[in-house]
Amino acid sequence: MSDNNKKTLFVEGKEVEFTDEKNLLEVIRKAGFQVPTLCYRPDLTSFGACRMCIVEIEGRGIQSSCTMPPEPGLKIRINTDTVRRIRKMVLELLLANHNRECSTCSRSHNCELQKLANLYEVNEIRFPGKKRLEELDDTNPSIVRDPNKCILCGACVRACAERQGLSILSFAGRGSKTIVTPALKKHLAEVDCVNCGQCVAVCPVGALTIKSDIEKARALLNDKTKTVVCQIAPAVRVAAGEEFGLAPGENVIGKLVAALRIMGFDKVYDTNFSADLTIMEEGTEIIRRLEKNERLPLFTSCCPAWVKYVETQHPELIEHLSTARSPQAMFGSLVKDIAVNRDGIKRENFKIISFMPCTAKKAECQREEFSVDGERDVDVVLTTQELIKMLKGSGINLKDLEPETPDLPFGSYSGAGTIFGASGGVAEAALRTVYEFTTGKTLENVDIKETRGLSTSKELTVDLNGTKVKVVVVNTLKEAEKMLRKVIDKTADFQILEVMACPGGCISGGGQPISCNEPGKVEKRAKGLYDEDSSLPIRKSHENPEIKAIYKEWLEKPGSEKAHKLLHTVYIDRFENCYKNLK
Amino acid sequence: MSSKTIFLEKVDAIVDSVGNAQSNLIAILQHIQAEYNYLPEDAIIRIGVKMGISPATVYGVATFYSQFSLDPKGKYQIKCCDGTACHVRGSMPTLNALKAKLELKDGKFTTEDGLFSVETVSCLGACGLAPVIVINDKVYPKITPEAVKIIIDTLIKEDRGE
């Protein structure tokens, strides 16, 4: 491109080049300057709600930089007296209506409003304000909604609409009576919320938070009559280090194992083991369905938000879902079954705690199908955020610990298990095994790059013994819906559909440390997973020796009757009980 | 056929008659309100399902505009003008007398028996007659707190067929 076509503008006198940035805020950030914002989320529509990102433009006055497209020659000042005065005033007004119980708020020290109030030295609030007196909604198993802390930035409204296509939350009312709420001010448990937690992931304040189960976990750990074991999901290991000053994406599984042993867990296992198990079962199912050409395309079933989405929005398609339980659920049923039926431990005295990147896993473990005689397979689910809080609350600094290895046998895993944490990982892991099972040949290059990356839709066609199999990988439910439309219209030309509800997969799950303004973090987490995969000696699920052993000892073979009882499930038409069903 | 089925079919028919493009949402809500005097909760959900819009979004639109009511309105809908002219000429004492007479407290605007509902509106365009109230499209000019009580008593008698 010649210099004549170069487009530039000026930020604080510095000439800054721009190309296709969608707004001034992006240009300003690219130039290395910081402008505060509460409502801007790079992948969501610009909303201009919070007025924090205002800048002064010569000849144009005050503009919100997140909604203004860049133009050549603009002279932008980002920190003038006027700008600072307005920002401070807006903060004061927001705080006047905000429930300022900071010391007991779970977002304290991590709250964007609190941080800005501090930076802009809002030391007194001159306005009496009018506090909302709405009910705190903690009916949902995963998410707590406190409308009295809401600053109406609309990030959750946009995340639910634009990522998941669900619009469970919406603005209602007008003016000073505006509130963000589910339809008809119903509770979050009474609507079709899939518990993905993307609203929590974008909330700048404590209006939407993860429902904490830390106390439940501590109570189990302190009960000496109980044997307590835990499983750690793939995506947790590449995010938990962030809050202890370690680099984003750094794999801290060894340190986590050490930390959880100090916490008092009797055994520390790994969900990657049951991810390998999932591949054995789901892979077998894929092969069977492809042979019989029935119930295709097969939908993956690891993501509980996605499963609930199909059950509530498209119950007519539930037969497409793989009957294989998610890795978390498989782990729970198998490990408890062995503890009870082989080791003779009483079911009520054997407890499993999961560490998950996901808020929807909290809802998944409460499903009736995943319990025996009223005793759940997985007793408590803690998200990565809760894990971090629990460790910090126990005085454990992850950074200082020497890595340890997980306990065997359920801590043994292949690289295929690890990559479950990123969108495309399940498909890649499944293909490594399915390819070898169907062709009988060894897959030399196990890196299937086509399904990697943060793009919301990816595809790949593989040749399995002469049969062309097209695999589509999507993340976010909005993208998944497009594929479901094809299935409904009978225009679907793919045989396998992998869906993860969160953008980029579990690495940006609703339970992960908040990263909505640092998109690079999610990429680093993905890299952490793929790096672990390529560093492992075993990278195919069916080659995991402990998986082979468990089939020999306990499960016979993939798809056996016993495997079905422990590792598979049935799906329920949940439209029947859905609030949209008015009959 | 249950009354609920009939109700839902009616909602469906209204959506079909207006057309289920998203831009028709307000028109559909107006039709529903014209039919039932208010927007029943089930209608809001049904409209959402039928139009492929989230019910939360429909609820958002329905609560944004003051023309829509989610609570049933009375047989006699009283609009009490509180525009500038009516306000300075004493619409507030009239409104208070009205609420006291109808025993409307705590933000309630429809009487227990469903006979009356009261709302304030901002200017009916009859400032020369201030203060004004309108009951089911009939205009009552130059109203006073005493007059309000008489009007209500008359309407109650009218309703009983006396």
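Me: What share of the contacts in chain B between residues at least 6 apart in sequence join residues at least 24 apart?
Reply: The share is 63%. The model is predicted, and a contact here means C-beta atoms within 7 Å.

Me: What makes up the secondary structure of chain B?
Reply: Seven helices and four strands. Along the sequence they follow the pattern α-α-α-α-β-α-α-β-β-β-α. The C-alpha trace of chain B spans about 50 × 35 × 30 Å along its principal axes.

Me: How many of the 162 residues of chain B, as a percentage, count as buried?
Reply: 29%. Each of these has 20 or more other C-beta atoms within 10 Å of its own, so each counts as buried.

Me: What are the domains of chain B, and where are their bounds?
Reply: Domain 1 covers 3-64 and domain 2 covers 76-160. Their centres, taken over C-alpha atoms, are separated by 29 Å.

Me: What makes the largest nonpolar core a core, and which residues have the most contacts inside it?
Reply: A core needs buried nonpolar residues joined through C-beta atoms within 7 Å. This one has 182 residues. Those with the most contacts inside it are A:Cys156, A:Cys199, A:Trp306 and B:Ile44. Helix 14 (residues 425-439) of chain A gives the most to this core, with seven residues.

Me: Which residues does B:Ile44 contact, leaving aside neighbours within four places in sequence?
Reply: From chain A, A:Ala183 and A:Leu184. From chain B, B:Leu39, B:Pro55, B:Val58, B:Tyr59 and B:Ala62. The C-beta atoms of each pair lie within 7 Å, so each pair counts as a contact. A second, separate core has 16 residues, including B:Cys86, B:Ala130, B:Val132 and B:Ile133.

Me: How many residues does each chain bring to the contact between chain A and chain B?
Reply: Chain A brings 15 residues and chain B brings 15 residues. On the chain A side, ten are nonpolar, three polar and two charged.

Me: Why do strand 12 and strand 17 of chain A stand at the edges?
Reply: The open sheet of four strands runs in the order 12-19-18-17, with mixed pairing. Strand 12 (298-299) and strand 17 (457-464) each have a single partner strand, so one side of each is left without a neighbour in the sheet. Helix 15 (residues 477-488) of chain A packs on this sheet and touches strand 17, strand 18 (467-475) and strand 19. The direction of helix 15 makes about 145° with that of strand 18.

Me: How do you know that strand 12 and strand 19 of chain A pair?
Reply: Pairing takes at least two bridges. Strand 12 and strand 19 (residues 496-500) of chain A have two bridges, in the parallel sense, so they pair. A:Leu298 has A:Ile496 as its bridge partner. Strand 18 and strand 19 also run in the parallel sense, over five bridges. There A:Val472 stands opposite A:Leu497.

Me: Why is strand 19 of chain A called mostly covered?
Reply: Buried means 20 or more other C-beta atoms within 10 Å. Five of the five residues of strand 19 are buried, so it is called mostly covered. A:Ile496, A:Glu498 and A:Met500 point one way, while A:Leu497 and A:Val499 point the other way.

Me: What makes strand 2 and strand 4 of chain A edge strands?
Reply: Five strands form an open sheet in the order 2-1-5-3-4, with mixed pairing. Strand 2 (14-18) and strand 4 (61-64) each pair on one side only. The twist averages 40° from one strand to the next.

Me: Which residues of helix 7 of chain A are buried, and what do they pack against?
Reply: In helix 7 (residues 253-263), they are A:Ile253, A:Lys255, A:Leu256, A:Val257, A:Ala258, A:Ala259 and A:Leu260. These pack against strand 10 (227-232), strand 11 (267-270) and helix 12 (384-393) of chain A. A:Gly264 follows helix 7, with a positive phi near 110°.

Technical notes:
Residues numbered from 1 in each chain as written. Chains lettered and ligands numbered in written order. Predicted model: local features only at pLDDT ≥ 70, side-chain atom pairs only at ≥ 80, totals over all residues. Contact = placed C-beta atoms within 7 Å. Axes fitted to C-alpha atoms, helices over the stretch in contact; angles between N-to-C directions. Buried ≥ 20, exposed ≤ 12 C-beta atoms within 10 Å, placed from the backbone. Nonpolar A, V, L, I, M, F, W, Y, C, P; charged D, E, K, R; others polar. Domains from an automatic or database assignment.
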